[in-house]
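Subject: Handover of a structure

Dear colleague,

Please find the structure we talked about below. My notes come after it.

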Protein chains: 2
Amino acid sequence: MNIRSNPDKTVPAVTTGPLPSSRKIFASPDAAPDLRVPLREIILSEGAGEPNLPVYDTSGPYTDPSVTIDVNAGLARHRKQWVLERGGVEEYEGRQIKPEDNGSVSTDKAARAFSAYHKPLRGLDGHKITQLEFARAGIVTKEMIYVAARENLGRKQQLERAEAALADGESFGASVPAFITPEFVRDEIARGRAIIPSNINHSELEPMIIGRNFLTKINANIGNSAVTSSVEEEVEKMVWAIRWGADTVMDLSTGRNIHTTREWILRNSPVPIGTVPIYQALEKCNGDPVKLTWELYKDTLIEQCEQGVDYFTIHAGVRLQYIHLTASRVTGIVSRGGSIMAKWCLAHHKESFLYTHFDEICDLMRKYDVSFSLGDGLRPGSIADANDRAQFAELETLGELTKIAWDKGCQVMIEGPGHVPMHKIKINMDKQLKECGEAPFYTLGPLTTDIAPGYDHITSGIGAAMIGWFGCAMLCYVTPKEHLGLPDRNDVKTGVITYKIAAHAADLAKGHPAAQLRDDALSRARFEFRWTDQFNLGLDPDTAKNFHDETLPKEAHKVAHFCSMCGPKFCSMKITQDVRDYAATLNDPNSVGMSMSGTAEDGMAKMSAKFKEMGESLYLDAEKVKESNRVL
Amino acid sequence: MNIRSNPDKTVPAVTTGPLPSSRKIFASPDAAPDLRVPLREIILSEGAGEPNLPVYDTSGPYTDPSVTIDVNAGLARHRKQWVLERGGVEEYEGRQIKPEDNGSVSTDKAARAFSAYHKPLRGLDGHKITQLEFARAGIVTKEMIYVAARENLGRKQQLERAEAALADGESFGASVPAFITPEFVRDEIARGRAIIPSNINHSELEPMIIGRNFLTKINANIGNSAVTSSVEEEVEKMVWAIRWGADTVMDLSTGRNIHTTREWILRNSPVPIGTVPIYQALEKCNGDPVKLTWELYKDTLIEQCEQGVDYFTIHAGVRLQYIHLTASRVTGIVSRGGSIMAKWCLAHHKESFLYTHFDEICDLMRKYDVSFSLGDGLRPGSIADANDRAQFAELETLGELTKIAWDKGCQVMIEGPGHVPMHKIKINMDKQLKECGEAPFYTLGPLTTDIAPGYDHITSGIGAAMIGWFGCAMLCYVTPKEHLGLPDRNDVKTGVITYKIAAHAADLAKGHPAAQLRDDALSRARFEFRWTDQFNLGLDPDTAKNFHDETLPKEAHKVAHFCSMCGPKFCSMKITQDVRDYAATLNDPNSVGMSMSGTAEDGMAKMSAKFKEMGESLYLDAEKVKESNRVL
């Protein structure tokens with residue numbers, strides 16, 4: 001892993017290089033052999049006795065040593081050709097960048113503008129533009145082919161095994177197939193059950209899919225604020241987050257240089273980028289929600305559509321008539337977007353302009369295929385407020401808006417809570433599926449208790465795993481700094497790994513085909529004392545190796561047939577291997593043979609003698625290891 | 001917090017002093033006013049507008065500034081009097097300590113012996129000794145009165161509220177009352193649904209109860225091994241673990257000085273101590289399981305009974321006929337105790353001596369009221385092996401043994417897995433309740449995936465929270481070092497806090513009365529920007545404060561009405577407070593009044609004017625804060 005040196009302070013330095021013992025490989029789908037769909041192959045040690053393991057790879061070209069990374073130039077814009085070749089779009093002179101787009105920042109405090117300007121594309125009237133429109137028309141796009149190959153991992157080779165695994169889970173009515181075809185992807189998108197967030201202007205994108213019949217995804221939030229952070233840090237946070245597995249990244253910047261920061265992020269991001277446009281709109285009226293207007297908001301949407309943002313959080317469900325429902329809450333309205341809109345509605349005593357102009361918002365977003373992430377502005381901010389009338393009233397409105405957006409041809413997902421005790425989580429999932437016609441659910445956690453500030457990645461990881469199992473399609477991470485401060489690089493990593501755990505635990509419980517292959521490979525490595533393979537098959541090889549080295553630092557111990565918990569002479573895994581070797585002799589016709597429930601004294605004595613004979617020689621090996629350990 | 005200086009290297013230094021903004025208070029139960037039942041009171045800031053919050057306190061005298069801690073002398077032995085006054089016991093010359101009790105350690109490597117020797121007590125034939133025997137006879141012991149008061153926390157004052165909270169949960173058939181009486185405790189123990197692990201020789205004990213109708217408990221494992229660790233470290237680990245909330249501690253030492261280490265721990269422990277006696281027995285035959293004998297094991301049990309160990313893990317369910325069921329597993333037998341017994345059974349081709357001598361074990365443990373923790377020696381060590389025939393066959397045997405132990409008058413809990421994907425967790429709980437007659441379940445996690453070495457506190461915290469909700473009475477922690485190395489001080493704390501989260505999330509979901517009081521108090525503090533109260537009400541005030549200070553270090557920011565995520569001019573909680581102030585005017589007869597769904601232009605204009613008037617003055621305050629922030 002390299003962190004690029006950064007002589008020029010205005011150029012972001014980012015982390016590059018492959019993960020330990022990993023290489024980037026590419027799948028070439030039958031339906032479009034020109035596509036190169038990235039996977040990460042974890043290379044096992046010599047003598048592992050099993051093939052290397054391919055895993056899903058979100059990290060983009062940053063982990064590909066054959067690609068020269070230049071954040072000033074941005075990533076290659078392969079996808080522009082896909083969009084152009086299917087037609088229906090025009091390149092045009094985009095909206096002029098205005099000083100207020102960057103908070104009217106003074107020249108000396110301005111971040112360096114991104115080097116290149118790419119003219120935006122937009123859809124032409126009367127043409128299909130969005131993935132939803134193509135799907136409904138029966139057209140399989142390259143994005144669909146790409147995500148189908150990406151979801152399958154090594155499944156083509158593992159079909160038989162995968163089907164057995166699938167039968168084992170409880171998917172609560174999901175329809176996860178054993179093998180993902182482009183046609184299945186198309187059908188799921190056409191039904192609104194999945195989305196491929198993919199603004200036609202995000203040409204750097206490696207497409208991915210969000211839906212309950214696909215792998216559970218995770219999102220990482222980054223973004224500067226009025227108080228702290230810089231452009232450089234945010235670009236590196238994005239690269240760092242996807243290195244560890246973030247499937248999408250939301251840029252929640254609220255301070256200055258907001259347009260420029262987003263441009264740097266987008267031009268360097270292989271994953272979908274989401275934003276909450278009301279944050280920037282608020283900056284443009286100097287932080288006063290009362291001064292927000294539809295015109296100003298619409299102009300901000302156009303600005304971000306042209307830049308290539310893939311999904312917008314839009315809190316159009318915060319209706320005037322719901323606001324008083326929050327008055328008796330313990331923690332009122334905790335969503336930033338929700339509270340901004342609540343304030344606007346009350347100040348003007350008018351229905352939210354996001355709700356009244358929802359048709360226009362759809363028409364605009366459709367032209368660029370920006371997906372909706374319908375925001376839960378009234379989500380609970382504490383256990384006390386979970387599943388209350390305010391929350392569910394808004395969810396019902398989100399269901400109504402989902403149908404409008406679908407009618408307009410837009411892709412839609414729905415945001416969910418928040419703070420919810422375990423026994424109220426499934427109610428959320430069930431109601432979302434019902435109200436929103438199975439549109440993908442995208443939740444923040446939920447946190448299952450309020451009492452552990454500093455550990456809310458864990459309080460929420462519990463809830464995230466559960467709601468992922470119940471059918472949630474994407475889990476928005478929570479870092480240890482939640483409620484306390486802005487996450488730094490370490491917090492981002494901890495948040496991402498925690499949510500990869502939650503998402504994977506959910507995939508296992510749903511009976512997702514092939515999910516268990518990685519668990520099994522790692523467990524075999526663990527059982528066979530292939531320490532290095534155990535580290536490398538894990539979500540965070542560096543931490544696993546460091547933890548092992550704290551107790552047993554020597555390289556020799558990576559091949560030792562014992563572990564530090566028990567020491568060399570007393571290791572349950574070692575003993576179990578003996579048991580297994582012994583049990584194998586039971587089926588050997590040349591062996592003495594035995595009935596496991598047998599009680600005949602003669603057979604028992606023979607068995608006993610045989611085992612002692614075997615055991616002693618096996619234990620000689622263990623004793624040798626023990627002796628070498630004493631030299632430490 | 002003080003870590004005592006340690007001039008003499010053989011004297012353990014331990015952490016003392018109260019937690020931040022906390023003081024030790026004592027409840028005095030009506031039924032036994034001489035008892036002093038400890039609670040920790042979290043003192044809120046001036047102007048909090050609500051009372052201080054009492055919480056459960058496992059930390060013992062170490063957090064009581066009025067007690068002088070001397071680890072050489074051990075804690076006060078208050079409980080001896082309770083045992084003596086109810087009679088039926090005799091003091092006697094205990095078993096002589098033998099060189100092999102400490103691994104025949106040479107003089108230069110021997111740990112310093114504990115200063116005092118206390119003659120052991122044992123029960124007399126024909127007398128009631130165990131809590132179960134007293135409970136069945138209708139006798140309420142001091143231990144029962146003590147734990148009843150301890151479980152209630154502030155519930156006496158909160159009954160009305162608590163009952164409302166209770167109605168909200170899903171307890172899966174548990175019977176959690178709104179208020180715990182000594183009689184309820186007695187009845188639960190008599191039914192075998194709860195235990196008070198309390199060896200009559202552990203006079204330093206502050207009794208606690210384990211059962212699904214009580215607060216969910218957690219256990220922390222400590223212990224040296226052949227490879228690393230020392231007596232000093234282990235005593236401090238125990239003190240450190242209970243400081244953060246461990247309800248019981250297991251000493252899993254496997255190396256030398258094992259007897260002496262345990263003596264230091266017991267004499268200084270206010271919480272129940274559990275052990276796995278087969279570990280020490282194995283040390284006594286030089287690590288060779290084949291050489292284990294019933295006599296040697298029995299002698300070890302007596303040794304530990306006399307020392308005061310409160311519960312023994314006994315893997316009596318690993319029967320000869322089950323061992324071959326593990327041969328095709330991915331990870332075989334991963335329990336240390338289970339693999340030792342498996343090896344012994346196969347070597348001798350005999351039924352386990354723990355199973356064949358189970359009656360005698362019961363008779364022995366009854367004399368000291370050592371509780372059974374019936375070990376799950378065949379628990380799954382990987383997702384692939386979860387809920388297999390080997391695991392469940394053993395569980396059925398544990399059910400059979402539970403009934404035998406109950407008949408003998410012994411208290412019993414049952415150990416459970418391990419590695420289990422989410423969809424297979426509830427099956428474990430349901431089967432345990434059925435097979436073992438509702439004896440308390442005590443699980444290790446379970447880990448919900450195998451793919452995150454270095455993060456197994458999280459993979460298992462997910463499973464622990466869920467099985468706690470489903471009815472598991474005690475959760476054995478897993479630290480970040482699981483599978484990789486021995487936990488150090490930081491790992492112990494991380495493990496304990498993670499499991500406090502899991503246990504509390506479970507209590508909330510079960511609808512445990514009063515559990516939510518702490519969440520609500522913390523959420524109010526959060527909403528009202530009482531930063532210091534938010535830190536202090538959390539499970540780890542130090543970490544929360546440090547995280548906050550990383551972003552906004554100044555003391556002034558602890559009273560600032562904004563948080564670092566959003567900055568001063570853009571804070572959802574601030575805006576919500578405005579909304580609430582505004583909503584309050586709606587019920588004011590002197591106010592303009594309005595229907596929240598009203599659309600009359602006139603009313604809307606009036607409302608709008610009123611809000612702008614209010615809002616402007618409120619925002620002046622926020623702007624002032626913002627200005628002061630610029631000075632930073």
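The notes below cover the model, its confidence, and then several local features.

This is a predicted model, in which local features need pLDDT of at least 70, side-chain atom pairs count only at pLDDT 80 or more, and totals for chains, interfaces and linings use all residues. Residues are numbered from 1 along each chain as its sequence is written, chains are lettered from A and ligands numbered from 1 in the order in which they are written, and side-chain values use heavy atoms, with hydrogens and water left out.

Confidence

The model has an ipTM of 0.91 and a pTM of 0.92.

Chain A overall

Chain A has 632 residues, of which 67% count as buried. Buried means under 20% relative accessible area, exposed over 50%, and partly exposed in between (1.4 Å probe, protein chains only). The secondary structure of chain A amounts to 21 helices and 17 strands; these are DSSP runs numbered from the N terminus, helices being H or I with at least four residues and strands E with at least two. Taking contacts in chain A between residues at least 6 apart in sequence, 75% join residues at least 24 apart.

The annotated span and strand β6

An unreviewed UniProt entry annotates residues 18-90 of chain A as "domain: ThiC-associated". UniProt positions are given in the numbering used here, feature names are shortened, and annotations may be inferred rather than shown by experiment. In the model this span is 11% helix and 25% strand, and its end C-alpha atoms lie 38 Å apart.

A:V89 lies in strand β6 of chain A and is buried, at a relative accessible area of 16%. Leaving out residues up to four places away in sequence, A:V89 touches A:V83, A:L84, A:L121, A:R122, A:G123, A:L124 and A:I200. From A:V89 to A:F134 is 45 residues in sequence and 14 Å in space, C-alpha to C-alpha.

A:R95 lies in the loop between β6 (89-91) and β7 (121-123) of chain A. A:R95 is buried too, with a relative accessible area of 14%. Its side chain makes a polar contact with the side chain of A:D299 (2.9 Å). A polar contact is a pair of N or O atoms within 3.5 Å; within protein, one must be able to donate a hydrogen and the other to accept it, and residues adjacent in sequence count only if both atoms are side-chain atoms. Beyond four places in sequence, the residues that A:R95 touches include A:D101, A:K284, A:I302, A:E303 and A:E306.

Helix α10

Helix α10 of chain A (residues 336-348) has 13 residues and reaches 19 Å from its first C-alpha to its last, close to the 18 Å expected at 1.5 Å a residue; the expected span is 1.5 Å times one less than the number of residues. The helix is mostly covered, with 13 of its 13 residues buried. A:S335 caps the N-terminal end of α10(A), a side-chain oxygen lying 3.4 Å from the backbone nitrogen of A:G337. After α10(A) comes A:H349, whose phi is positive, near 40°.

Backbone points to check

Most residues other than glycine have a negative phi, and most peptide bonds are trans. Two cis peptide bonds are listed here. One joins A:P417 and A:G418, with omega about 5°, and A:G418 lies in the loop between β15 (412-416) and α14 (425-435) of chain A. Another joins A:G445 and A:P446, with omega about 10°; A:P446 lies in the loop between β16 (441-444) and α15 (456-470) of chain A.

In chain B, B:N387 has a positive phi, near 60°. B:N387 lies in the loop between β14 (371-374) and α13 (389-407) of chain B and is buried at 15% relative accessible area.

Regards

Key: Contact means heavy atoms within 4.5 Å.
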